[in-house]
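Hello,

Here is the structure I promised to pass on to you. Please open it beside this email and follow along as you read.

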Amino acid sequence: MIDLTNQTPFASGSNRHCYQHPSYPDRCLKIIRPDNIEARYQRQTALKKLLGKRRLNDNLQELEAHGQTVIQRLLKQGQEDVVWAHLPRFLGQTDTTQGPANESELLKNAEGGPAETFEHYLARSGFDETAQALIQEFTDWLQRTGILTRNLLPHNLVLGMRNEKTRLFLVDGLGAPLIPSLLSTSQNWRLHYIDRRIRRFYKRIEWETSGRQDPWELSQKL
């Protein structure tokens, strides 16, 4: 068991804390915030509560997302570099003193610190030529591989360095809800689904870089 007693997360979202592995500095440990799961569960409708709390556990969702057909097929074909081109390398789940953790590659910036989120980059530099090129490379990869994601959000992507090159990596939001996952056996449906995620992503970037004047719920409609 990994002892995180004296460790402080290097990043925290609303659902998970991210720790640097105490023995392997190039690895990240994502740990669920159980208080958040309970709060999210209590906000659910009575019908959704019947589905249980498991679907609110981001670590379990992430484990299932890495098992999606496309990823497993590419890995079996020996195309690891294709799979991990825009994903942190995933190492499975491990036990810690803070609870079960999803263990993955810790993406870093050129200085060796944790990689900057795309949300932070947009706030600092706007949707400049660098950002546009990074997005184009990332979305081309999605369309080429057919890997499924949830809605793409700037705070779920980071600008990480690998092989002395900066590229975008999706660190949260891999996988798709149940119905789209089932329908994705159809190649046409899969491409349609990915295209909608990409178009909504561009709308999200436009919304974030234009001052978020209207509620996102209104701005995201395609």
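This is a predicted model: local features need pLDDT of at least 70, side-chain atom pairs count only at pLDDT 80 or more; totals for chains, interfaces and linings use all residues.

You will find Glu 164 in the loop between β7 and β8. Its backbone is worth a look too: Glu 164 has a positive phi of about 65°, although it is not a glycine.

Asn 163 sits in the loop between β7 (157-162) and β8 (165-170). With a relative accessibility of 73%, Asn 163 also counts as exposed. Phi of Asn 163 is near 55°, again a positive value in a residue other than glycine. Why point this out? Most residues other than glycine have a negative phi.

How far apart in space are Asn 15 and Glu 164, C-alpha to C-alpha? They are 31 Å apart, and 149 residues separate them in sequence. Asn 15 belongs to the loop between β1 (11-12) and β2. Is Asn 15 buried or exposed? Asn 15 is buried, because its relative accessible area is 17% and buried means under 20%.

Its side chain makes a polar contact of 3.0 Å with the side chain of Asp 58. Another polar contact, of 3.5 Å, joins the side chains of Asn 15 and Ser 14. If you leave out residues up to four places away in sequence, Asn 15 touches Ile 31, Ile 32, Arg 33, Asn 36, Arg 40 and Asp 58.

Asp 58 takes us on to helix α3 (residues 58-66), where the buried residues are Asp 58, Asn 59, Glu 62, Ala 65 and His 66. Down the axis of α3, its buried residues fall within an arc of 120°, so they too line one face of their helix. What covers them? The elements include β2 (16-20), β3 (27-32), α1 (34-42), α4 (69-76), β4 (90-94) and β5 (101-105). At the start of α3, a side-chain oxygen of Asn 57 comes within 3.0 Å of the backbone nitrogen of Asn 59.

**From Ala 65 to Pro 177**

Ala 65 and Pro 177 are 112 residues apart in sequence, while their C-alpha atoms are 9.6 Å apart in space. Pro 177 lies in the loop between β8 and α8 (178-183). Its relative accessibility is 34%, so Pro 177 counts as partly exposed. Setting aside neighbours within four places in sequence, Pro 177 is in contact with Arg 150 and Tyr 193.

Back in strand β7 you will find Leu 159. At 9% relative accessibility, Leu 159 counts as buried. Not counting residues up to four places away in sequence, Leu 159 touches a list of residues including Glu 116, Phe 118, Tyr 121, Leu 134 and Thr 166.

Two packed helices are described by the angle between their axes and the distance between the axes. Helix α6 (residues 118-125) and helix α7 (residues 129-145) pack at an angle of about 150°, and their axes are 10 Å apart. Angles over 145 degrees count as roughly antiparallel, and α6 and α7 are therefore roughly antiparallel to each other. Which residues meet there? Phe 118, Tyr 121 and Leu 122 in α6 meet Thr 130, Ala 131 and Ile 135 in α7. The residues of this contact are five nonpolar, one polar and no charged.

Enjoy exploring, and write back with any questions.

Best wishes

How values were computed: Residues are numbered from 1 along each chain as its sequence is written. Side-chain values use heavy atoms; hydrogens and water are left out. Axes are lines fitted to C-alpha atoms, for helices over the stretch in contact, and angles run from 0 to 180 degrees between N-to-C directions. Helices (H or I, at least four residues) and strands (E, at least two) are DSSP runs, numbered from the N terminus. Angles under 35 degrees count as roughly parallel, over 145 as roughly antiparallel, 65 to 115 as roughly perpendicular and the rest as oblique. Contact means heavy atoms within 4.5 Å. Ala, Val, Leu, Ile, Met, Phe, Trp, Tyr, Cys and Pro count as nonpolar, Asp, Glu, Lys and Arg as charged, and the others, Gly among them, as polar. Buried means under 20% relative accessible area, exposed over 50%, partly exposed in between (1.4 Å probe, protein chains only). The arc is that of the directions from the helix axis to the C-beta atoms. A polar contact is a pair of N or O atoms within 3.5 Å; within protein, one must be able to donate a hydrogen and the other to accept it, and residues adjacent in sequence count only if both atoms are side-chain atoms.
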